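Subject: Structure for you to look at

Hello,

Here is the structure I promised to pass on. Please open it beside this email and follow along.

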Amino acid sequence: MAEHAEHARALYWVGGLDGHVAMIDQTLLPGEFVEMRIDDVETVFDAIRRLAVRGAPAIGVAAGMGVVLGVRDWSGDDRDGFVARVEQVCDYLATSRPTAVNLFWALDRMKRVARASVELSVLDMKERLLAEAIAIHHEDEAMCRSIGDVGEHVIPEGGTVLTHCNAGALATGGMGTALAVMYRAHELGRSFGVYADETRPLLQGARLTTWELMRAGIDVTLICDNTAAHAMKVGRIDLVITGADRIAANGDAANKIGTYGVALLAAAHDVPFYVAAPSSTFDMALACGDEIPIEERSADEVRRGFGTLTSPEDVKCYCPAFDVTPARLIKGIITERGMIEPVTADAVSAVLGDLAGAVN
Ligand code: MRU
């Protein structure tokens, strides 16, 4: 049995209502480990937008805490006015990034708590909101662990898993989603390897996934994104596990740009492709993946990544940050409630059908 790993904590709340958010600045990893102290909602917004905190569940946790920071200094005892302020802060945070549904799911929870506690004093409403933000964090931590338990069996002894982007502790409030499956298999003493796609353009695989897995003592090999096809062809990959940013009711799953390509490669080489995600990543209001909003990011993340110009400086770029893998390419979705396999609308509904239809 391997040691129970100490996972990095992407962010956490420190203290009471007058406390703050401690958050790793992931843009600096792996070179520097800097934990920022955040006291205001604008800095949370900025951290989400510039990917200091990233990964769908971690964005949701950050949003909940951001709401607390954004409303705690509101003065007066007009409770309806306070609810209006909560809604205003939620609307603001909702514009930070569009694809990860966990953001809207968490903001929806915060709004509902505010509306439901309108009979309380404003101070008590603030305390309720803090409790909800911390609950969102703790629930995510528990969901990650359950995802690990549900999914660990898919990794065979001596096998090699390919992953894309970072769906680890850094991306969640706990031990990750795709990486939770690996951490759990490792805890159980299974021996296996991981290939990490570097994940252009922001290199979450190279910078974050390798860093996490090496710290945990898991055998990891970094590959360029364009090596995945060859690695599969020569038999180096037994299965793929990725995370997701939003999953539609039929199981179509949005994740980091390049994931769809990996899924197509996996199908072509008869390699099983799994997605690991908590129920908070499902958007049951969307019938299929075509309806998922896809973030487009700045051309300079491609042209001059990490400050080095690697193309003509004014070349046109097309920069979607996510793509959608159709359900037919996904062997199973590993959730905290169990495995969804085969991935069909009926199977999704059987596991998650009780979830509310719409977020926000
Ligand atoms: O742009 P990012 O780094 O936020 O993208 C993250 C991903 O695509 C992750 O795979 C996804 O959010 C799942 S994290 C558990």
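A helix here is a DSSP run of at least four residues, and helices are numbered from the N terminus. Keep in mind that this is a predicted model.

Start with one glycine. Glycine 261 sits in helix H9, which covers residues 259-268. Is glycine 261 buried, exposed or partly exposed? Its relative accessibility is 33%, so glycine 261 counts as partly exposed. Now find alanine 228. It is 33 residues from glycine 261 along the chain.

Next, the salt bridges. Side chains of opposite charge can pair when their charged atoms come close. How many salt bridges does the count give? It comes to 20. Three of them are described below.

Take glutamate 295 and arginine 97. Their side chains form a salt bridge, with 2.8 Å from N to O. This pair links distant parts of the chain, 198 residues apart. Glutamate 295 lies in the loop between strand E11 (282-283) and helix H10 (300-303). Arginine 97 lies in the loop between helix H3 (79-93) and helix H4 (101-116). Are these two residues buried or exposed? Buried means under 20% relative accessible area. Glutamate 295 has 7%, so it is buried. Arginine 97 has 6%, so it is buried too.

Then look at glutamate 313 and arginine 304. They form a salt bridge, and their closest N and O atoms are 3.0 Å apart. Arginine 304 has a relative accessibility of 29%, so it counts as partly exposed.

Arginine 337 is partly exposed, at 38% relative accessibility. Aspartate 354 is exposed, with a relative accessible area of 57%.

Some salt bridges share partners. In this way Arg97, Glu295, Arg297 and Glu301 are joined into one network.

Now the helix pairs. Begin with helix H1 (residues 41-49) and H3. Their axes come within 10 Å and cross at roughly 25°. Angles under 35 degrees count as roughly parallel, so H1 is roughly parallel to H3. The crossing of H1 past H3 is right-handed. Which residues meet there? From H1 come Val41, Glu42, Val44 and Phe45. From H3 come Val89, Tyr92 and Leu93. By class, this contact has six nonpolar residues, one charged and no polar.

Finish with helix H2 (residues 56-71) and H4. Their axes come within 7 Å and cross at roughly 30°. H2 and H4 are therefore roughly parallel to each other. H2 passes H4 in a right-handed crossing. On the H2 side, the contact includes Ala56, Pro57, Ile59 and Gly60. Ala63, Gly64, Val67 and Val68 of H2 take part as well. On the H4 side are Asn102, Leu103, Ala106, Leu107 and Met110. The residues of this contact divide into 10 nonpolar, three polar and no charged.

Best wishes

Conventions:
Residues numbered from 1 in each chain as written. Predicted model: local features only at pLDDT ≥ 70, side-chain atom pairs only at ≥ 80, totals over all residues. Heavy atoms only, no water. Salt bridge = Lys/Arg side-chain N within 4 Å of Asp/Glu carboxyl O. Helix = DSSP H or I, 4+ residues; strand = E, 2+ residues; numbered from the N terminus. Buried < 20%, exposed > 50% of the residue type's maximum accessible area, 1.4 Å probe, protein only. Axes fitted to C-alpha atoms, helices over the stretch in contact; angles between N-to-C directions. Parallel < 35°, antiparallel > 145°, perpendicular 65-115°, else oblique. Left-handed = near helix turned anticlockwise from the far one by under 90°. Contact = heavy atoms within 4.5 Å. Nonpolar A, V, L, I, M, F, W, Y, C, P; charged D, E, K, R; others polar.
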